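Dear colleague,

Here is the structure I said I would pass on. My notes on it follow below.

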Amino acid sequence: MKAMSAKNFLIPFLITAALVLGGGFSPLHAAVDAKKLYKKTCKKCHGKRGEGKKEKKNPGKFKYNPVNDVEEQKLLEAMLKYKLMWEEKTFENSREKKMAKSVRKLSEEEMKILASFIPTLGKQE
């Protein structure tokens, strides 16, 4: 049996280590990523806890709707719809354009992560 050189051993070892250590996607990792994604993508308009933001001139009306009480599937469908609007430039007003612009760079996986995370915001203390 021929001895394995350091180079022949090291490359497969490093690839395996990278896959094991960095390739997995644990629920804890997803929660951290979701929080960062939400903060970067959604918080400015929809609020820290997804509570929405009211209009200054008319506090009884939302400028940006609450999202923390929306079902996961509906959130995902909405994000996919807005991304398609951006790609096809089919938004009809400034709100749709702003939402489309917000999600335009998100992958479908990132949208799924956000869609599962957002409903938990209303339950956080």
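For aromatic pairs, the rings of Phe, Tyr and Trp (its six-membered ring) were taken as paired if their centres lie within 6.5 Å. By that rule there are 2 aromatic pairs. Please bear in mind that this is a predicted model.

On the overall layout: the chain has 6 helices and 2 strands, and their order along the sequence is α-α-α-β-β-α-α-α. Of its 125 residues, 26% count as buried. The accessible surface comes to about 9500 Å², and carbon and sulfur atoms make up 58% of that surface. Among the contacts in the chain with a separation of 6 or more, 48% are between residues 24 or more positions apart.

Two lysines sit over aromatic rings. Lys81 is placed over the face of Tyr82, 4.8 Å from the ring centre. Lys89 is placed over the face of Trp86, with 3.8 Å to the ring centre.

Lys83 deserves a separate note. This residue belongs to helix 4, which covers residues 72–88. What is the nearest side chain of opposite charge to Lys83? That side chain is Glu87, at 4.6 Å. Apart from neighbours within four places in sequence, Lys83 is in contact with Val103, Arg104, Leu106, Ser107 and Met111.

Regards

Conventions
Residues are numbered from 1 along each chain as its sequence is written. This is a predicted model: local features need pLDDT of at least 70, side-chain atom pairs count only at pLDDT 80 or more; totals for chains, interfaces and linings use all residues. Side-chain values use heavy atoms; hydrogens and water are left out. Rings of Phe, Tyr and Trp (its six-membered ring) pair if their centres lie within 6.5 Å; planes under 30 degrees apart count as stacked, over 60 as edge-to-face and the rest as tilted. A charge sits over a ring if NZ of Lys or CZ of Arg is within 6 Å of the ring centre and within 35 degrees of the ring normal. Helices (H or I, at least four residues) and strands (E, at least two) are DSSP runs, numbered from the N terminus. Buried means under 20% relative accessible area, exposed over 50%, partly exposed in between (1.4 Å probe, protein chains only). Lys and Arg count as positive and Asp and Glu as negative; His and the chain ends are not counted. A salt bridge is a side-chain nitrogen of Lys or Arg within 4 Å of a carboxyl oxygen of Asp or Glu. Contact means heavy atoms within 4.5 Å. Accessible areas come from the Shrake-Rupley method with a 1.4 Å probe; for residues, only the protein chains shown count as cover.
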